[in-house]
Amino acid sequence: MRSVLVFLMMGLAGSAFLLVGCQPAGQPEPETPAAEPAAPVVSDEDLIRQIGDAFTAAWNAADADALAALFAEDGDTIVTGGHYEGREAIAGNYRTGFDSVYKGTTVAITTTSLRFLEADVAIGDGTYEIAGLKDAEGNEMPNIKGIFTNVMTKVGDKWLITCSRPTRPIEMPGTT
């Protein structure tokens, strides 16, 4: 009986060897997936400058929630009409504006300077221009041009606006 078992085991091993050797010729080896290319490294400065692009896109789409999402949870802004603290208040302010004075407007933003106070805190200055304003009768109004200062903080790998101070420069009396 023992010789029968040995014979069967040798036969199975030989069959397995023959099967491995009987692969069809010319068949390509299975491909191993190529490694994903490494994502490009984006600098903190570039990430902060992208906030301006995201702000412009959200404003031009009249998306108050997307604008507020650019702010830290406890972020704030002081604009004509008030001081808005927290994302909900900021979104509400933009929502009100898009339903009234800013309805149908577009904005263009340019970041003119960026300074890092710490690795996770930066100050950005720039200009903005709001176009497409209309008065209560629907007549076109001049564009609003202004400047802004934003303080941004890095939370994880994302930069958020902690406080925003847009303003409109005025000419001082007697300087014209």
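This is a predicted model: local features need pLDDT of at least 70, side-chain atom pairs count only at pLDDT 80 or more; totals for chains, interfaces and linings use all residues.
Strand β1 (residues 71-79) and strand β6 (residues 158-167) pair in the parallel sense over three bridges; two strands pair if DSSP finds at least two bridges between them. Strands (E, at least two residues) and helices (H or I, at least four) are DSSP runs, numbered from the N terminus.

Residues are numbered from 1 along each chain as its sequence is written. Local features need pLDDT of at least 70 and side-chain atom pairs count only at pLDDT 80 or more, while totals for chains, interfaces and linings use all residues; side-chain values use heavy atoms, with hydrogens and water left out.

**The chain as a whole**
- Four helices and six strands make up the secondary structure of the protein chain.
- The protein chain has 176 residues, and 25% of them are buried (under 20% relative accessible area, with exposed over 50% and partly exposed in between, using a 1.4 Å probe on protein chains only).
- Take the contacts (heavy atoms within 4.5 Å) with a separation of 6 or more: 49% of them are between residues 24 or more positions apart.

**Strands and hairpins**
- β5 and β6 run antiparallel, joined by nine bridges.
- In this pairing, M152 stands opposite I161 in β6.
- The two strands form a hairpin with two residues between them, and G156 in the turn has a positive phi of about 65°.
- β3 and β4 also pair in the antiparallel sense, here over eleven bridges.
- A108 stands opposite E129 in β4, and a hairpin joins β3 to β4 through two residues.

**A look at N150**
- You'll find N150 in strand β5 (residues 144-155).
- N150 counts as buried because its relative accessible area is 10%.
- Its side chain makes a polar contact of 2.7 Å with the side chain of S164 (a pair of N or O atoms within 3.5 Å; within protein, one must be able to donate a hydrogen and the other to accept it, and residues adjacent in sequence count only if both atoms are side-chain atoms).
- Not counting residues up to four places away in sequence, N150 touches A122, I123, G124, I161, C163, S164 and R165.

**The largest pocket**
- About 770 Å³ of space lies in the largest pocket. A pocket is an open set of points on a 1 Å grid over the protein atoms alone, where a 1.4 Å probe fits and protein lies on both sides within 12 Å along at least five of seven lines. Grid points are joined across faces, edges and corners, and the volume is the space filled by probe spheres set on them.
- Its lining (residues with an atom within 4 Å of a point) has 35 residues, of which V79, Y102, Y128, I130 and P166 lie nearest the centre.
- α2 gives the largest share of that lining, five residues.
- The lining divides into 22 nonpolar, twelve polar and one charged (Ala, Val, Leu, Ile, Met, Phe, Trp, Tyr, Cys and Pro count as nonpolar, Asp, Glu, Lys and Arg as charged, and the others, Gly among them, as polar).

**After β6**
- R168 is found in the segment after β6.
- R168 and T127 are 41 residues apart in sequence and 9.6 Å apart in space, C-alpha to C-alpha.
- Leaving aside neighbours within four places in sequence, R168 is in contact with Y128, I144, K145 and G146.
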